[in-house]
Amino acid sequence: MFEVIIVGGSYAGISAGMQLARAHRKVLVIDAGNRRNRFAEHSHGFLGQDGRSPAVIVQEAREQLLAYPTVQWMVQSAVSAETLGNGFAITTADGVQHSGRRLILAGGVTDELPAIAGLQERWGRSVFHCPYCHGYELGGGPIGVLAASPLAMHHAMMLPDWGPTTLLLNGVFTPDDDQLAQLQRRGVRVEQEAVVAVAGERADITLASGRVIEFAGLFTQPRTRMASTLPEELGCAFEDGPLGRFIKVDAMRETSVPGVFACGDASVAAGNVAIAVGDGARTGGAVHHSLIFR
């Protein structure tokens, strides 16, 4: 039996594992390799790693974690989970069951984009959700905000700091008079016409009339869902966030199920590499404490 099983080997999961490995704890990481930001070519805003490939960052982190002899890594999908008398059992897609005293859910979330032709193909390259991660690289060029929820207002108010901004309502969101006044003060142009496609090397928007607006980049608000069914299967409580449900945790990053902890995008309603790494470190320390003081 492992002392800790971590489901999800991206930034949060590896960070949690590092704290436990350095405490000489026996850890198993189960990871299917589907990082949320696998579509992005560069990662930004992460101290010491700004502008590097996300794949390189996570590969180096994995190598550093596996340098600790108490850590094992399994490239598999975790397909089911159950509570045992003294811990938990995770079954992987190959049918093998693995047991651990503590469980960390770090499987992240999956983004669900508006159903507009050409949008998915540009996700992480010229279509984004985080201005802090990608806004600077647009070089002050024109920016589009594609409304997918009322959070488009938040995006539209922020993004003029990175370039001239157009809010594309697309029949999804209608600003009230006060919001229109706020947008005007920020210099945001409002486009009422429906968006039918995204094309070009960057993000050229085709409207219902056939008119095309060229943007250096496009921001939208994807809905998120759990990338894994394990939290629900285990009976973890959820909270409603602005873009979707996330796992409810306490101050020690423990879920409503004793012994099950969660970190990263699955339990924090904010998608950012630096936040995920910090949350993972907090969670790893909390799990170590639980192994000692319970």
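Student: Is Asp265 buried or exposed?
Tutor: In this predicted model, Asp265 is buried, with a relative accessible area of 18%. The cut-off for buried is under 20%.

Student: Where is Asp265 placed?
Tutor: Asp265 sits in the loop between strand E19, residues 260-262, and helix H7.

Student: Which residues is Asp265 in contact with, leaving aside its neighbours within four places in sequence?
Tutor: With those neighbours set aside, Asp265 is in contact with Arg36, Gly108, Val109, Ala270, Gly271 and Asn272.

Student: What about Phe261, where does that lie?
Tutor: Phe261 lies in strand E19. Phe261 is buried, and its relative accessible area is 1%.

Student: How far apart are the C-alpha atoms of Phe261 and Ile6?
Tutor: Their C-alpha atoms are separated by 9.3 Å, although Phe261 and Ile6 are 255 residues apart along the chain.

Student: Changing topic to cysteines: how many disulfides does a search of the whole structure find?
Tutor: The search finds 0 disulfides.

Student: On to the helices. At what angle do H1 and H2 pack?
Tutor: Helix H1, residues 11-21, and helix H2, residues 54-66, pack at an angle of about 20°, and their axes are 10 Å apart. The two helices are therefore roughly parallel to each other.

Student: Is that crossing left-handed or right-handed?
Tutor: H1 passes H2 in a left-handed crossing.

Student: Which residues meet there?
Tutor: From H1, the residues are Tyr11, Ile14, Gly17, Met18 and Ala21. They meet Pro54, Ile57, Val58, Ala61, Arg62, Gln64 and Leu65 of H2. By class, this contact of H1 with H2 has 9 nonpolar, 2 polar and 1 charged residues.

Student: How do the axes of H1 and H7 cross, then?
Tutor: The axis of H1 comes within 7 Å of that of H7, residues 273-293, and the two cross at roughly 35°. H1 passes H7 in a right-handed crossing.

Student: What residues of H1 and H7 meet?
Tutor: H1 contributes Tyr11, Ala12, Ser15, Ala16, Gln19 and Leu20. On the H7 side are Val273, Ala276, Val277, Gly280, Ala281, Gly284, Gly285, Val287 and His288. The contact of H1 with H7 divides into 9 nonpolar and 6 polar residues, with no charged ones.

Student: Last topic, the backbone. What is the phi of His24?
Tutor: His24 has a positive phi of about 65°, although it is not a glycine. Most residues other than glycine have a negative phi. His24 is found in the loop between H1 and strand E2, residues 27-31. With a relative accessible area of 66%, His24 is exposed.

Student: And what is the phi of Arg253?
Tutor: Arg253 is a residue other than glycine with a positive phi, near 70°. Its place is in the loop between strand E18, residues 245-247, and E19. Arg253 counts as buried at 10% relative accessibility.

Notes
Residues numbered from 1 in each chain as written. Predicted model: local features only at pLDDT ≥ 70, side-chain atom pairs only at ≥ 80, totals over all residues. Heavy atoms only, no water. Disulfide = S-S within 2.5 Å. Axes fitted to C-alpha atoms, helices over the stretch in contact; angles between N-to-C directions. Helix = DSSP H or I, 4+ residues; strand = E, 2+ residues; numbered from the N terminus. Parallel < 35°, antiparallel > 145°, perpendicular 65-115°, else oblique. Left-handed = near helix turned anticlockwise from the far one by under 90°. Contact = heavy atoms within 4.5 Å. Nonpolar A, V, L, I, M, F, W, Y, C, P; charged D, E, K, R; others polar. Buried < 20%, exposed > 50% of the residue type's maximum accessible area, 1.4 Å probe, protein only.
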